[in-house]
Amino acid sequence: QPDLRAHQGAVRWVWEEHAGFQLSLNEGALFGMGQGKVWVFAICAAAAAVAIPVWLFVFGAARDRALTIALGCILGGVVGNLYDRLGLPGLEWSQWDPQRSGTVHAVRDFMLFARRYPPQGQFDVWPNFNVADALLVCGAIALFLISWRRPVSAATPESAASN
């Protein structure tokens with residue numbers, strides 16, 4: 001088994017001090033909130049993984065292309081993070097933290113973005129995230145924007161007569 005402790009916290013910059021990779025394990029949710037509540041988030045993710053296809057195909061949301069794309073992004077993010085939360089195959093805590101044992105049930109975050117503001121000032125680093133997190137955020141933003149659309153009203157005899 002590889003010893004990942006040597007890589008813990010190491011940053012591999014693709015664009016120096018702007019974008020890179022840094023492996024971290026997150027047992028919580030967004031921005032690390034709810035650390036240690038892996039199974040609560042796994043149960044919520046499993047429920048969403050069932051509810052979204054039901055919404056799409058039983059309740060007919062799949063007739064709306066934009067809604068289908070937004071929900072597809074959310075479902076992709078949910079399933080991606082759920083895979084990690086259920087246990088990373090071949091990854092044991094002892095490889096990451098010598099104080100712990102057992103299989104890792106945490107989300108692997110690895111994308112890192114940072115900036116200096118002003119250019120020679122404070123160095124700000126955005127919390128690590130992964131592709132599933134990006135899909136969740138983009139899908140949620142799309143869902144929010146879709147909710148602002150004006151609903152299409154069904155033509156009724158009364159509305160047709162008033163035109």
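## Largest pocket

The largest pocket has a volume of about 610 Å³, the volume being the space filled by probe spheres set on grid points that are joined across faces, edges and corners. Among its 28 lining residues, Ala29, Leu30, Phe31, Asn81 and Asp133 are the closest to the centre. A pocket is defined on a 1 Å grid over the protein atoms alone, as an open set of points where a 1.4 Å probe fits, with protein on both sides within 12 Å along at least five of seven lines; lining residues have an atom within 4 Å of a point.

Two or more lining residues come from each of S2, H1, helix H2 (65-85), strand S3 (107-117) and helix H4 (131-147). By residue class, the lining of the largest pocket comprises 18 nonpolar, seven polar and three charged residues. Here Ala, Val, Leu, Ile, Met, Phe, Trp, Tyr, Cys and Pro count as nonpolar, Asp, Glu, Lys and Arg as charged, and the others, Gly among them, as polar.

## Model and fold

This is a predicted model, in which local features need pLDDT of at least 70 and side-chain atom pairs count only at pLDDT 80 or more, whereas totals for chains, interfaces and linings use all residues. Residues are numbered from 1 along each chain as its sequence is written, and side-chain values use heavy atoms, with hydrogens and water left out.

The protein chain contains five helices and four strands, arranged from the N terminus as β-β-α-α-α-β-β-α-α. These elements are DSSP runs numbered from the N terminus (helices: H or I, at least four residues; strands: E, at least two). Of the 163 residues in the protein chain, 28% are buried. Buried denotes under 20% relative accessible area, exposed over 50%, and partly exposed in between (1.4 Å probe, protein chains only).

Glu17 lies in the loop between strand S1 (12-15) and S2. Its phi is near 60°, a positive value in a residue other than glycine, and Glu17 is partly exposed at 27% relative accessible area.

## Salt bridges

The structure holds four salt bridges, each a side-chain nitrogen of Lys or Arg within 4 Å of a carboxyl oxygen of Asp or Glu. In one of them, the side chains of Glu27 and Arg100 meet at 3.0 Å, N to O. This pair links distant parts of the chain, 73 residues apart: Glu27 is in the loop between S2 and H1, and Arg100 in the loop between helix H3 (93-96) and S3. Glu27 is buried at 16% relative accessible area, whereas Arg100 is partly exposed at 31%.

Asp64 and Arg149 form another salt bridge, with the closest N and O atoms 2.3 Å apart. Asp64 lies in the loop between H1 and H2 and Arg149 in the loop between H4 and helix H5 (157-162), so the pair ties together parts 85 residues apart in sequence. Asp64 is partly exposed at 24% relative accessible area, and Arg149 is partly exposed at 43%. Arg108 and Asp84 also meet in a salt bridge (2.8 Å, N to O), linking strand S3 with helix H2 across 24 residues. Arg108 is partly exposed at 34% relative accessibility, while Asp84 is buried at 5%.
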